[in-house]
Amino acid sequence: MTECPEEFRWLSGCEDLDEIYCVSFVRDLTPDEVLRRFSVDVSTADECDPADYVGTAKIGDWTLTVEPGGWQLAADPETYTRVGRGTEIVSVSRHDYASDTFAYIVDGEPVVWFDPMFPEERSGTDPDRFVGEMREVGLDPDHDIDDSEDIRFPIERSFALASRITGLRFSPEMLELCSYRIESGED
């Protein structure tokens, strides 16, 4: 698979998401509970610096959580353990100066965790849980960086995998819901 998943082509031109961001889906918690667990003061969220923003929006059984300029929910054990207690998290993080991350966390423990450029190097308590879904979206779990070309569109493919797991397709409309909350601090 060399083409970008069509439903996520918009990500490459999205000005609201820059070279570092994390988008996560947290099951069965309200936006306020996610923010509390994240240790964000909901009453002063609109006074934070942009790197400190955490936007949330309730979508079905999930709370969409967006960290512009951040990566904590995908890569910081202290954060994902605290937020993920008693629930599940599906997280995609882009970080141009470090590693990108796909994470599936259950009850604060990474079940599947990998860099989308190297999907063969998975870790977690059940790293093979989504190998079929990974193949379907073009994140070959048997990819060999020495014998194969690079994974093309790894972030877009990670969002396709997140969609398979959550049943939700991350879209510009979802991002707008979070952007409003980030800017105003309102529900």
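**View 1. Salt bridge between E33 and R36 in the predicted model.** The side chains of E33 and R36 form a salt bridge with an N to O distance of 3.3 Å in this predicted structure. Both residues belong to helix α1 (residues 31-37), where a spacing of 3 residues places them about one turn apart. E33 is partly exposed, its relative accessible area being 22%.

**View 2. Salt bridge between R129 and D126.** The N to O distance between these two side chains is 3.2 Å. R129 has a relative accessible area of 39% and is partly exposed; D126, at 30%, is likewise classed as partly exposed.

**View 3. Salt bridge between E136 and R164.** Here the side chains meet at 2.1 Å, N to O. The pair connects distant parts of the chain, with E136 in helix α4 (residues 131-137) and R164 in helix α5 (residues 154-166), 28 residues apart. E136 counts as partly exposed at 44% relative accessibility, and R164 counts as partly exposed at 45%.

**View 4. Network of E33, R36 and R37.** Salt bridges with shared partners join E33, R36 and R37 into one network. The whole structure contains 10 salt bridges.

View 5. The average pLDDT of the chain is 85, and 87% of the residues score at least 70. Residues 44-51 have a pLDDT below 50, and this stretch makes 11 contacts beyond near neighbours in sequence. Residues 179-187 remain under 50 as well, with 22 contacts beyond four places in sequence in the model. Where pLDDT is low, predicted coordinates should not be read in detail.

How values were computed: Residues numbered from 1 in each chain as written. Predicted model: local features only at pLDDT ≥ 70, side-chain atom pairs only at ≥ 80, totals over all residues. Heavy atoms only, no water. pLDDT = per-residue confidence, 0-100. Contact = heavy atoms within 4.5 Å. Salt bridge = Lys/Arg side-chain N within 4 Å of Asp/Glu carboxyl O. Helix = DSSP H or I, 4+ residues; strand = E, 2+ residues; numbered from the N terminus. Buried < 20%, exposed > 50% of the residue type's maximum accessible area, 1.4 Å probe, protein only.
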